[in-house]
Amino acid sequence: MVCTTVRPGYECAFMTKKGCQFNGGKCHTIVEQCEGCQRIVEYPTGKFCMNFLDPSAKWKNGMCNMGTHVKRNHVDDNHKLNPLKASKRSH
């Protein structure tokens, strides 16, 4: 159904005829860590994430996995390969 609470006109899976069934009865606005993300949508009621109804929950245990502005540190493992297995891979 279409949201009628904080994001009017937005198709929402939590909206029912009785109102919003999400935790607290409405979507939550973005947190400070979300600033700069391309998934932010601004409504007259505030700024909201297009993917998550409660963005603070995504940042509680680290970085948001959907953040477009977040730089991820990729650690390259310099582990040794078994020479026997490596020689078999080349054929």
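1. Pairing of Y43. Y43 stands opposite G46 in β4. The strands β3 and β4 run antiparallel and are joined by 4 bridges; two strands are taken to pair if DSSP finds at least two bridges between them. A hairpin through 2 residues connects β3 to β4. Helices (H or I, at least four residues) and strands (E, at least two) are DSSP runs, numbered from the N terminus. As a general point, side chains in a regular strand alternate between the two faces of the sheet.

2. Basis of the note. The structure is a predicted model, in which local features need pLDDT of at least 70 and side-chain atom pairs count only at pLDDT 80 or more, while totals for chains, interfaces and linings use all residues. Residues are numbered from 1 along each chain as its sequence is written, and side-chain values use heavy atoms, with hydrogens and water left out.

3. Confidence. The predictor's confidence in each residue is given as pLDDT, from 0 to 100. The protein chain has a mean pLDDT of 82, and 92% of its residues reach 70 or more. Within the protein chain, β4 has the highest confidence, at 89, whereas helix α2 (residues 83-89) has the lowest, at a mean of 79.

4. The salt bridge. How many salt bridges does a search of the whole structure find? The search finds 1 salt bridge, the term meaning a side-chain nitrogen of Lys or Arg within 4 Å of a carboxyl oxygen of Asp or Glu. K47 forms a salt bridge with E35, and their closest N and O atoms are 3.8 Å apart. Because K47 lies in strand β4 (residues 46-49) and E35 in the loop between β2 (19-20) and β3 (40-43), the pair ties together parts that are 12 residues apart in sequence. K47 is partly exposed, at a relative accessible area of 32%, and E35 is also partly exposed, at 43%. On this scale, buried means under 20% relative accessible area, exposed over 50%, and partly exposed in between (1.4 Å probe, protein chains only).

5. R7 is placed in the segment before β1 (15-16). A polar atom of the R7 side chain lies 3.0 Å from the backbone oxygen of C49. With neighbours within four places in sequence left aside, R7 is in contact (heavy atoms within 4.5 Å) with C27, Y43, F48, C49, M50 and L53.

6. E42 is found in strand β3. Is E42 buried or exposed? E42 is exposed, its relative accessible area being 62%. E42 and R7 are 35 residues apart in sequence, and their C-alpha atoms are 9.0 Å apart in space.

7. The setting of C64. The loop between α1 (55-59) and α2 holds C64. C64 is buried, with 7% relative accessible area. Neighbours within four places in sequence aside, the residues in contact with C64 are F52, K58, W59 and R72. Q33 is 31 residues from C64 along the chain, and the C-alpha atoms of C64 and Q33 are separated by 8.9 Å.

8. T4 is located in the segment before β1 and counts as exposed, at 63% relative accessibility. A86 belongs to helix α2 and is partly exposed, at 30% relative accessibility. A86 and V6 are 80 residues apart in sequence, and the C-alpha to C-alpha distance between A86 and V6 is 57 Å.

Notes. A polar contact is a pair of N or O atoms within 3.5 Å; within protein, one must be able to donate a hydrogen and the other to accept it, and residues adjacent in sequence count only if both atoms are side-chain atoms.
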